[in-house]
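This report describes the pockets and the metal site of one structure. Please look at the model first.

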Amino acid sequence: MKFRHFIFDIEGTTTPISFVHEILFPYSKKNLKSFLEKNHIEKNILEDLKNENKIDNEKKLFSFGIESFEKQIDYLEFLISVDRKSKPLKEIQGKIWEIGYKSGELKSILFSDVFSFFKKIKSSDSEISIYSSGSVEAQKLIFEYSNQGNLKPFISNYFDTTVGGKRESDSYKNILKELKANSSECVFFTDINEEAYAAKNIGVEVFLMIREGNLLQAENDHKKLKSFDEFN
Ligand SMILES: [Mg+2]
């Protein structure tokens, strides 16, 4: 294949946005209390949560401390309700999803063209990387427990926002550095205009995914794909 590195966004690219918002997030919300009743929040996660809570107290966004179990649940539900990209919340959600996937109660949804495309890339000795704002652990679960089987063996690298935000070119520079790759060896697939420009600005080839359920993007000059089957 023309590129050595294929980099994929998840939501709106490999996976319908509706899976994340209508299945994954409600699942973690529904199971939050029973999970916390059975599992103590790990010390370092609780520390991060307390720090975040303190800032919200100061800003008067949430008016309680989280010393008690009940208030910890209230606070986590608050973070979910405002769609906060919170590290401790993500870690707790990841653990809840892991239990759901392993029990068979959760199964991720991948678009029907993903499996064959990943297989094609791997068989041509190119590498597959994932770059998503969900945590690396959550990303791995999505590809391991999918409606198309376990796609994890196809994937070489996972990146989350520890390399930087998805709309910043520096993040893509960091990814290239970790892949030890030049921009001309890489192609990135995403459904978001700003992410596409952030990667394109450093010379990465980009395709904007036009999938059912994706948000309409501002006018742009990106190459577009409705399906990976169109890629050649
Ligand atoms: Mg996306």
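## Largest pocket

The largest pocket has a volume of about 800 Å³. A pocket here is an open set of points on a 1 Å grid over the protein atoms alone, where a 1.4 Å probe fits, with protein on both sides within 12 Å along at least five of seven lines; lining residues have an atom within 4 Å of a point.

Its lining counts 33 residues, and E11, V20, F25, K85 and S133 lie nearest the centre. Two or more lining residues come from each of α1, α3 (69–81), α4 (87–103) and α6 (136–144), and α1 gives the most, with 7 residues. Because domain 1 (5–16 + 109–230) and domain 2 (22–103) both give residues to this lining, the largest pocket lies between them.

## Basis of the model

The model is predicted: local features need pLDDT of at least 70 and side-chain atom pairs pLDDT 80 or more, while totals for chains, interfaces and linings use all residues. Residues are numbered from 1 along each chain as its sequence is written, and side-chain values use heavy atoms, without hydrogens and water.

## Magnesium site

D9 (OD), E11 (O) and D191 (OD) coordinate the magnesium ion at 2.1 to 2.2 Å; donors are N, O and S atoms within 2.8 Å of the metal (3.2 Å for Na, K and Ca). Along the chain, the donors follow the spacing D-x1-E-x179-D. E11 sits in the loop between β1 (5–8) and α1 (17–38), and D191 in the loop between β4 (186–190) and α8 (193–200), 180 residues apart.

How values were computed:
Helices (H or I, at least four residues) and strands (E, at least two) are DSSP runs, numbered from the N terminus. Grid points are joined across faces, edges and corners, and a volume is the space filled by probe spheres set on the points. Domain bounds come from an automatic or database domain assignment.
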